[in-house]
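Please keep the sequence and the coordinates in view while reading.

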Amino acid sequence: MSAAAAELWFTRCPVPTATGLAADRGWFDEEFAADGIAVRSLQDRDAASLRSEHFNHELSSLIREGGNVPALWAKARGAGTRLIGLTWIEERQAIVVRGDDPVADPADLVGRRVAVPARPGEAVDFWRAMALAGFAGALRCAGLGLSDVVRVDVAPTADGGFFPETAAVADGRADAAYVKGAPGLEAAARAGLRIALDLDDLPDRRSRVNNGTPRPITVHQALLEERPDDVARFVAVLLRSADWAAANGDAFTEILARETGAGAEFVPDAYRADHHASLQVSLSDERLALLDQQQEFLYANGFLERGVDVAAWADHTILAAARDLTLEKAS
């Protein structure tokens, strides 16, 4: 499929992203409209037929900022994508239990029943991957692994999100569930659960690696080859978004409430006080190593058909060009 010169598509998850912020502020239209390039979102109502591209990434004119599970899954299946950036935002991750449950340390999970989503009809069950990675991250701090807990598969419900797992804990089918972000905290609160383990407080950052940490920005190889300047301009808008968020914390929090779809009262507790300052795009050695840790976990647990060479997947040229554009506009 040709990377049509008259359009660019983007997609993001309902989480804190530079892409979501830029879309909310109208900066993509500001950057590209004068050139006759339409910048459209897969989340638009009239784009329903293309929603699967958020996972498959076969649409060559698509730029994706979202969870790393689908991005790695698509790459492992042979999608012609390249990694052009990674973001990291401390979106609160926690293990929740019933209020009368004494769990207070990762070692307390040994032998416990943990709620694990099971969506066998999904192309890639990233909900299951998130839960398993969350429990694995907590357990590793005590020198333990997933074999030390009992998995309880939980089917999806009409509520969706984290509600099936938190409901399973509340009604006694399981002892603990993994949640993240404002929607996760809201689901736990609705179920009357308490936070037993806050993964953000764990000393080893590797324990917080999950679907959104780090979060990749990927593009199709065809788009890089045919329109590298447009991709660099798009990423330059993301850099602008990160700078704006760092300087406008309160306004960013309001946008974040809309992006996540959670109650505004849960947003402050879901993100660290400096969350607005952490949207910067990077391909640092540290972030690439953390993404490599994630792909190893996903492959070992059956979510990927084959391993992904993260270093080879990364293309550093676009981010460098975007930074140059940013400097030019500032001068």
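Helices (H or I, at least four residues) and strands (E, at least two) are DSSP runs, numbered from the N terminus. The model is predicted, so that local features require a pLDDT of at least 70 and side-chain atom pairs count only at pLDDT 80 or more, whereas totals for chains, interfaces and linings use all residues. Residues are numbered from 1 along each chain as its sequence is written, and side-chain values use heavy atoms, with hydrogens and water left out.

The buried residues of helix 4 are Asn68, Val69, Pro70, Ala71, Leu72, Trp73, Ala74 and Ala76. Their cover includes helix 3, strand 3, helix 5 (126–140), strand 10, helix 12 and helix 13 (310–313); contact here means heavy atoms within 4.5 Å. After helix 4 comes Gly78, with a positive phi near 105°.

How is the packing of two helices described? Both the angle between their axes and the distance between the axes are used. Here the axes are lines fitted to C-alpha atoms, for helices over the stretch in contact, and angles run from 0 to 180 degrees between N-to-C directions. Angles under 35 degrees count as roughly parallel, over 145 as roughly antiparallel, 65 to 115 as roughly perpendicular and the rest as oblique.

The axes of helix 4 (residues 68–76) and helix 12 (residues 285–300) cross at roughly 70° and come within 11 Å. The two helices are therefore roughly perpendicular to each other. Their crossing is right-handed; a crossing is left-handed if the near helix is turned anticlockwise from the far one by less than a right angle, and right-handed if clockwise. On the helix 4 side, Asn68, Val69 and Leu72 meet Leu291, Gln294, Gln295 and Leu298 of helix 12. Sorted by class, this contact has 4 nonpolar, 3 polar and no charged residues. In this classification Ala, Val, Leu, Ile, Met, Phe, Trp, Tyr, Cys and Pro count as nonpolar, Asp, Glu, Lys and Arg as charged, and the others, Gly among them, as polar.

Helix 12 also packs against helix 5, at an angle of about 110° and with the axes 11 Å apart. This pair is therefore roughly perpendicular, and the crossing of helix 5 and helix 12 is right-handed. Helix 5 contributes Ala129, Leu132, Ala133, Ala136 and Arg140, while helix 12 contributes Gln293, Phe297 and Leu298. The classes in the contact of helix 5 with helix 12 are 6 nonpolar, 1 polar and 1 charged residues.

Another pair consists of helix 1 (residues 18–25) and helix 9 (residues 228–247), whose axes come within 8 Å and cross at roughly 90°. Helix 1 is therefore roughly perpendicular to helix 9. Ala18, Thr19, Leu21, Ala22 and Arg25 of helix 1 make the contact with Phe234, Val237, Leu238, Ser241, Trp244 and Ala245 of helix 9. By class, the contact of helix 1 with helix 9 has 8 nonpolar, 2 polar and 1 charged residues.

Helix 7 (residues 181–190) is largely enclosed by the rest of the structure, because 7 of its 10 residues are buried. Just after helix 7, Gly192 has a positive phi of about 75°.

His57, in the loop between helix 3 (53–56) and strand 3 (62–65), has a positive phi of about 50° although it is not a glycine. His57 counts as buried because its relative accessibility is 3%. In the loop between strand 9 and strand 10 (215–220) lies Pro214, which is joined to Thr213 by a cis peptide bond with omega about 0°.

Two residues in strands complete the account. Ser41 belongs to strand 2 (residues 38–41) and is buried, at 4% relative accessibility. The side chains of Ser41 and Arg12 form a polar contact of 3.2 Å. Such a contact is a pair of N or O atoms within 3.5 Å; within protein, one must be able to donate a hydrogen and the other to accept it, and residues adjacent in sequence count only if both atoms are side-chain atoms. A polar atom of the Ser41 side chain also lies 2.9 Å from the backbone nitrogen of Gln43. Asp198, in strand 9 (residues 193–198), is buried with a relative accessible area of 16%, and its side chain reaches the backbone nitrogen of Asp200 at 3.1 Å.

Technical notes:
Buried < 20%, exposed > 50% of the residue type's maximum accessible area, 1.4 Å probe, protein only.
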